[in-house]
Amino acid sequence: MQIQQYALALNQQMRAETVKKQCKMCGKVTIFTDTTIRRHNANGKNIYQFAIYKCPKNHSWNKKLNIYKSFTEHVDPQSIVPTSFVEIEPGKKITSLKRGDSSCEIKITSVNGSFRIDRTLADHLEGWSRSEIAQNIKTGKILLNDCLTKPSQKLSVHDKIFIDVK
Ligand SMILES: [Zn+2]
């Protein structure tokens with residue numbers, strides 16, 4: 001059985017930053033908007049931190065924010081999300097999670113604000129109601145960091161939500 005893996009950044013009050021620059025794909029100067037998604041990539045001994053920006057035609061530009069020489073106290077190793085995790089873009093939902101066929105793991109990569117697990121999942125799972133999600137939390141079909149939780153539980157960075165929909 002395959003587990004679908006997603007990375008989710010929760011940012012409530014983040015204002016969209018924009019940068020005017022040349023888009024290589026569009027072949028002209030355009031406006032890139034910060035998706036608020038942050039990513040760490042390891043390249044040899046260095047760790048690069050990027051902000052992911054998109055042009056109006058959805059081409060990506062990775063703005064380099066920081067370079068770390070190694071895993072120091074500046075980089076929490078837990079914030080390195082494996083590339084197998086699909087990033088859920090702000091305002092987008094997981095549409096591929098069907099009852100009965102697969103399980104899903106969501107890693108919370110950042111939290112800026114207050115987010116309940118039931119409301120957050122209802123906001124990000126296509127076709128799932130909040131009451132249905134609350135029911136699944138109570139029956140242990142949805143786990144937080146491998147443990148039973150409650151629908152009103154607030155999410156923290158590095159939390160792992162497991163959804164069993166078999
Ligand atoms: Zn473009």
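Biologist: Why is Cys-26 called partly exposed?

Modeller: Cys-26 has a relative accessible area of 24%. Buried means under 20%, exposed over 50%, and partly exposed in between (1.4 Å probe, protein chains only). The value for Cys-26 is 24%, so Cys-26 is partly exposed.

Biologist: What kind of model is this, and how are its residues numbered?

Modeller: It is a predicted model, in which local features need pLDDT of at least 70 and side-chain atom pairs count only at pLDDT 80 or more, while totals for chains, interfaces and linings use all residues. Residues are numbered from 1 along each chain as its sequence is written, and side-chain values use heavy atoms, with hydrogens and water left out.

Biologist: What makes Cys-23 count as buried?

Modeller: Its relative accessibility is 2%, and therefore Cys-23 counts as buried. For the protein as a whole, 39% of the 166 residues are in the buried class.

Biologist: Which residues are the protein donors of the zinc ion?

Modeller: The donors are the SG atoms of Cys-23, Cys-26 and Cys-55, together with ND1 of His-59. They lie 2.0 to 2.3 Å from the zinc ion, and a donor is an N, O or S atom within 2.8 Å of the metal (3.2 Å for Na, K and Ca). Along the sequence, the spacing of these donor residues is C-x2-C-x28-C-x3-H.

Biologist: Why is the arrangement around the zinc ion called tetrahedral?

Modeller: The 4 donor atoms subtend angles of 100 to 122 degrees at the zinc ion. Four donors count as tetrahedral if all angles lie between 85 and 135 degrees. The angles here run from 100 to 122 degrees, so the arrangement is tetrahedral. The ideal angle for four tetrahedral donors is 109.5 degrees.

Biologist: Where does Ser-131 lie, and why is Ser-131 called exposed?

Modeller: Ser-131 is part of helix α2, which covers residues 130-138. Its relative accessible area is 56%, so Ser-131 is exposed. Pro-151 is 20 residues away from Ser-131 along the chain, and the C-alpha atoms of the two are separated by 9.2 Å.

Biologist: How many helices and strands does the protein have?

Modeller: The protein has 2 helices and 9 strands, counted as DSSP runs (H or I, at least four residues, for helices; E, at least two, for strands). Starting at the N terminus, the order is β-β-β-β-β-β-β-α-α-β-β.

Biologist: What share of the contacts with a separation of 6 or more is made by residues 24 or more positions apart?

Modeller: Such residues account for 57% of those contacts in the protein, a contact being heavy atoms within 4.5 Å.

Methods
Tetrahedral: all angles 85-135°; square planar, octahedral: opposite > 155°, others 65-115°.
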